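Biologist: I have a model open and would like to learn how to read its features. Could you walk me through a few of them?

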Amino acid sequence: MSHTPSSHVPGREPAARALSTDLERTGFYPRLVADVVHDALDGASPLAHLVHLETHFERAEVRRHITVLALTEELLVITHVDEAPLEADPQRTTAQVSTESIPLSQVRTVVLSYVFTEPAAYGPGDPVREVTLSIAWSGGQRLDLLPASCGDPNCEADHGYTGSIAQEDIVLRISSEADGPEAVNTAKNFARLLRAANVASPTRVVQSPSAPLPAATRPRLAGLGGRPSRGHGGRE
């Protein structure tokens with residue numbers, strides 16, 4: 001699996017050019033993706049962006065999809081493009097596009113998870129092996145369940161299930177080994193910028209920890225829910 005994440009914080013004038021350059025670098029239908037991102041921004045200038053390209057294999061097919069996060073003064077704009085064969089003619093290709101604009105005041109959590117190699121030998125400045133960026137805004141939750149056990153390998157009793165609940169709307173996983181150290185650093189930088197913009201949002205709604213999460217009132221975007229960067233060859 002291959003990712004091409006990049007993140008930039010250019011000035012206002014060259015912002016669009018920097019985004020276009022990163023989209024061209026991916027080689028994934030750059031003109032089409034640039035047009036749909038521009039349309040989703042609706043005239044707003046991106047203050048920062050993160051471009052994340054993933055390639056994975058399904059049987060004999062190579063499948064690619066790209067996620068573009070663009071941060072403006074008021075919005076987090078997400079564009080996702082999936083490549084898929086045309087059902088009526090598998091020799092032809094389609095591009096399925098989803099876009100969403102989230103007011104910064106509605107971003108509830110920005111979680112950045114780190115993985116380090118050989119933590120006992122860690123020293124200041126040692127590189128991060130991989131990061132996982134999780135962003136939640138809708139109150140949607142993911143439930144992971146596994147059969148519970150008592151630890152006795154010979155026990156055949158039904159112990160029910162155990163699991164965890166995670167709040168997330170989008171997850172991007174970036175590895176230093178697969179993507180390069182700079183890709184990890186740019187993802188970390190974008191997460192910091194998004195956190196700062198969210199905190200600084202003047203209309204940010206802070207929810208009480210005891211208050212129930214609102215029910216999601218919109219459908220999940222194709223390719224954005226769950227774990228779009230997990231479960232493909234060579235990365236687990």
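Biologist: Let me start with Asp 22: is Asp 22 buried or exposed?

Modeller: Buried means under 20% relative accessible area, exposed over 50%, and partly exposed in between, with a 1.4 Å probe and protein chains only. Asp 22 counts as buried because its relative accessibility is 2%. Before we go on, this is a predicted model, where local features need pLDDT of at least 70 and side-chain atom pairs count only at pLDDT 80 or more, while totals for chains, interfaces and linings use all residues. Residues are numbered from 1 along each chain as its sequence is written, and side-chain values use heavy atoms, leaving out hydrogens and water.

Biologist: Which side chain does Asp 22 meet in a salt bridge?

Modeller: Side chains of opposite charge can pair when their charged atoms come close. A salt bridge here is a side-chain nitrogen of Lys or Arg within 4 Å of a carboxyl oxygen of Asp or Glu. Asp 22 pairs with Arg 25, at 2.4 Å from N to O. Arg 25 counts as exposed because its relative accessibility is 53%.

Biologist: Where do Asp 22 and Arg 25 lie?

Modeller: An α-helix has 3.6 residues a turn, so residues three or four places apart point the same way. Both Asp 22 and Arg 25 belong to helix 1, three residues apart, about one turn of the helix. Helices are DSSP runs (H or I, at least four residues), as are strands (E, at least two), numbered from the N terminus.

Biologist: Which residues of helix 1 are buried?

Modeller: Ala 15, Ala 18, Leu 19, Asp 22, Leu 23 and Thr 26. They are on the same side of helix 1 because they cover an arc of only 135° around the axis, taken from the directions from the helix axis to the C-beta atoms. Turned away from that buried side are the exposed Arg 17, Glu 24 and Arg 25.

Biologist: How many salt bridges does the whole structure have?

Modeller: Four. One of them joins Arg 173 and Glu 130, with closest N and O atoms 3.1 Å apart. This pair links distant parts of the chain, strand 11 (residues 170-175) and strand 8, 43 residues apart. Both Arg 173 and Glu 130 are buried.
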